[in-house]
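Here's a quick tour for anyone meeting this model for the first time. Have a look at the chain, then read on for the briefing.

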Amino acid sequence: PTKRRAAQIGFVGDLYPYQAVGVVWLRRMLDEGLGCILGDEMGLGKTIQIIFLLAEETEVSRKPNLVIAPATLVENWRRELKRFTPALDVAVHQGGSRTGFPKTLAAHDVVLTSYDIARRDLAMLQMIEWNLAVIDEAQFIKNPDSRRSEAVKALPRRAGIAVTGTPVENSLWDLWSLMEFTCPGVLGTRENFSSWNEDTFG
């Protein structure tokens with residue numbers, strides 16, 4: 001992405017060359033109708049790549065985008081979005097005063113919330129057709145049987161993006177769970193994946 005392109009979408013700032021490559025790859029995945037895992041190591045600017053992508057998506061789609069992060073990182077996402085994309089309409093869906101009306105959330109460009117709130121308010125969030133659903137620190141859903149994992153996978157979305165520096169922490173089941181969010185079914189069923197895993201890795 002060039003500086004001219006950044007100006008077109010209201011992105012204030014500069015990407016490092018490797019971040020620009022990451023944005024191009026993310027765009028390619030979305031253009032192919034696929035979600036993906038952004039698995040850069042910590043400190044390489046995964047957040048800024050996603051913010052650039054959100055700015056691009058807001059230019060071409062009027063559907064809202066959802067970012068789910070650990071509660072302690074929601075405010076960081078809000079600050080970074082304000083810094084790099086001040087023109088975006090960003091809402092934080094958190095706390096006791098959060099709205100109970102899906103139309104209110106759907107009116108924003110980007111909605112930020114935590115994993116716990118996404119689980120609690122799943123019924124309402126499912127009433128919105130999200131454009132992108134982004135999960136930060138995506139290892140939070142590595143257990144496919146956890147309630148938070150089941151909740152985020154139940155969200156209606158055009159595409160899902162999992163952001164994590166550790167896509168595999170304990171076993172390949174971590175990867176299967178993340179892929180079920182980003183590209184449901186691409187690694188097969190749990191039973192088939194388990195059989196393949198045992199045959200391949202012993």
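Y16 is out in the open: it counts as exposed, with a relative accessible area of 53% (exposed is over 50%, buried is under 20%, and partly exposed is in between, using a 1.4 Å probe and protein chains only). Bear in mind that this is a predicted model, where local features need pLDDT of at least 70 and side-chain atom pairs count only at pLDDT 80 or more, while totals for chains, interfaces and linings use all residues. Residues are numbered from 1 along each chain as its sequence is written, and side-chain values use heavy atoms, with hydrogens and water left out.

**Aromatic rings**

- Four aromatic pairs turn up in the structure (rings of Phe, Tyr and Trp, the last by its six-membered ring, pair if their centres lie within 6.5 Å; planes under 30 degrees apart are stacked, over 60 edge-to-face, and the rest tilted).
- One of the pairs is F11 with F84, which is stacked, with 5.5 Å from centre to centre and 10° between the planes.
- This pair links distant parts of the chain, as F11 sits in the loop between α1 (3-9) and α2 while F84 belongs to helix α4, 73 residues apart. Helices here are DSSP runs of H or I with at least four residues, strands are runs of E with at least two, and numbering goes from the N terminus.
- Y18 is partly exposed, at 41% relative accessibility.

- Six strands make an open sheet with parallel pairing, in the order β1-β6-β5-β2-β4-β3 (two strands pair if DSSP finds at least two bridges between them).
- β1 (36-38) and β3 are the edge strands, each with a single partner, so one side of each has no neighbour in the sheet.
- From one strand to the next, the twist averages 20°. Axes are lines fitted to C-alpha atoms, for helices over the stretch in contact, and angles run from 0 to 180 degrees between N-to-C directions.
- Helix α2 (residues 17-31) lies across β1, β5 (130-136) and β6 (157-163), and runs at about 170° to β1.

**A closer look at β4**

- How many residues of β4 are buried? Five of the five are, so the strand is largely enclosed by the rest of the structure.
- V110, L112 and S114 point one way from β4, V111 and T113 point the other way, and all are buried.
- With β3, strand β4 (residues 110-114) runs parallel and is joined by three bridges. In this pairing V90 is opposite V110, and V92 is opposite L112.
- With β2 (residues 65-69), β4 pairs in the parallel sense over five bridges. Here A69 has S114 as its bridge partner.

**Nonpolar cores**

- The largest nonpolar core has 32 residues, and F11, I50, W77, L81, L132 and I161 touch the most other members. Such a core is a set of buried Ala, Val, Leu, Ile, Met, Phe, Trp, Tyr and Cys residues joined through side-chain atoms within 4.5 Å.
- Helix α3 gives the most to this core, with seven residues.
- Apart from it lies another core, of 24 residues, with L122, I128, A162 and F181 among them.
- I50 is in contact (heavy atoms within 4.5 Å) with L26, L38, W77, V134, I161 and V163, leaving aside neighbours within four places in sequence.

- T47 is part of helix α3 (residues 46-60). Not counting residues up to four places away in sequence, T47 touches W77 and E80.
- T58 is also found in helix α3, where T58 is buried, with a relative accessible area of 9%. Beyond residues up to four places away in sequence, T58 touches N65, L88 and D109.
- A87 is in the loop between α4 (74-84) and β3 (90-92). Is A87 buried or exposed? A87 is exposed, with a relative accessible area of 69%.
- The C-alpha atoms of A87 and G45 are separated by 21 Å, and the two are 42 residues apart along the chain.
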